[in-house]
Amino acid sequence: TISWRAYANKDLETADMIETLGRMMRRITDSKELLTSVENDLRIAEDYLKIQQQRFGKRLKVDIKISNSTMCLSIPPISIQPLVENSVTYVMDAIVSCCEIRIFDRIEKNAVEIIVEDNGPGCEEDILENLHCEDLGSGGSGIALRNIHTRLQYAFSQDYGIRLKRLENGMQVIIRIPEQ
């Protein structure tokens with residue numbers, strides 16, 4: 001209804017954003033399986049980024065390069081989008097210039113890594129150290145990272161999960177999954 005009203009008022013940008021939000025929400029709420037393909041999970045992140053690009057315009061640059069072989073692998077649903085959301089939120093809060101996000105994959109021995117990289121300040125060191133602790137709170141404390149990490153380990157084993165890596169000018173959050 002909101003989309004139709006936007007079309008009726010010739011507000012095509014709003015109509016497009018509403019359709020994107022609706023598609024993203026359907027993918028999230030329709031996900032009843034314990035695992036989904038990387039491709040399906042990435043679509044949620046892409047829809048989120050499409051909305052944010054409408055909001056931030058040229059201040060948000062995104063580059064996604066995931067190989068076809070990785071797209072077919074399984075991952076717990078809603079693993080990539082929260083990492084991308086963290087990048088947008090924390091980079092936009094911290095810098096005035098452009099937020100640059102790269103999403104790419106890397107094949108390792110017996111594993112595949114999906115990397116969400118940004119040019120922001122990164123997270124606090126205690127979040128890196130306390131990712132496995134039970135007493136993390138909410139609101140910028142790493143709880144989303146811990147939840148994704150835990151779901152990855154339940155799905156695949158203790159050999160997999162999330163790893164964080166500081167860069168000279170940014171941060172990488174690395175999702176490690178089996179080659180399957």
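**Salt bridges in this model**

Hi everyone, let's start with the count: searching the whole structure turns up seven salt bridges, each being a side-chain nitrogen of Lys or Arg within 4 Å of a carboxyl oxygen of Asp or Glu. This is a predicted model, where local features need pLDDT of at least 70, side-chain atom pairs count only at pLDDT 80 or more, and totals for chains, interfaces and linings use all residues. Residues are numbered from 1 along each chain as its sequence is written, and side-chain values use heavy atoms, with hydrogens and water left out.

Let's look at a helix. Glu 39 pairs with Arg 43 in a salt bridge, with the closest N and O atoms 3.1 Å apart. Why these two? They sit four residues apart in helix H3 (residues 38-56), so about one helical turn separates them. Helices here are DSSP runs of H or I, at least four residues, and strands are runs of E, at least two, numbered from the N terminus. Glu 39 is partly exposed at 34% relative accessible area, and Arg 43 is partly exposed too, at 31%. For the cut-offs, buried is under 20%, exposed is over 50%, and partly exposed lies in between, using a 1.4 Å probe and protein chains only.

Now, over to Glu 113, which is buried, with a relative accessible area of 3%. Its side chain meets Arg 106 in a salt bridge at 2.9 Å, N to O, and Arg 106 is partly exposed at 29%.

Glu 113 also forms a salt bridge with Arg 163, at 3.0 Å, N to O. That pair links distant parts of the chain, 50 residues apart: Glu 113 lies in strand E5 (residues 111-118) and Arg 163 in strand E6 (residues 161-167). Arg 163 is partly exposed, at 40%. Through shared partners, salt bridges join Arg 106, Glu 108, Glu 113, Arg 163 and Arg 176 into one network.
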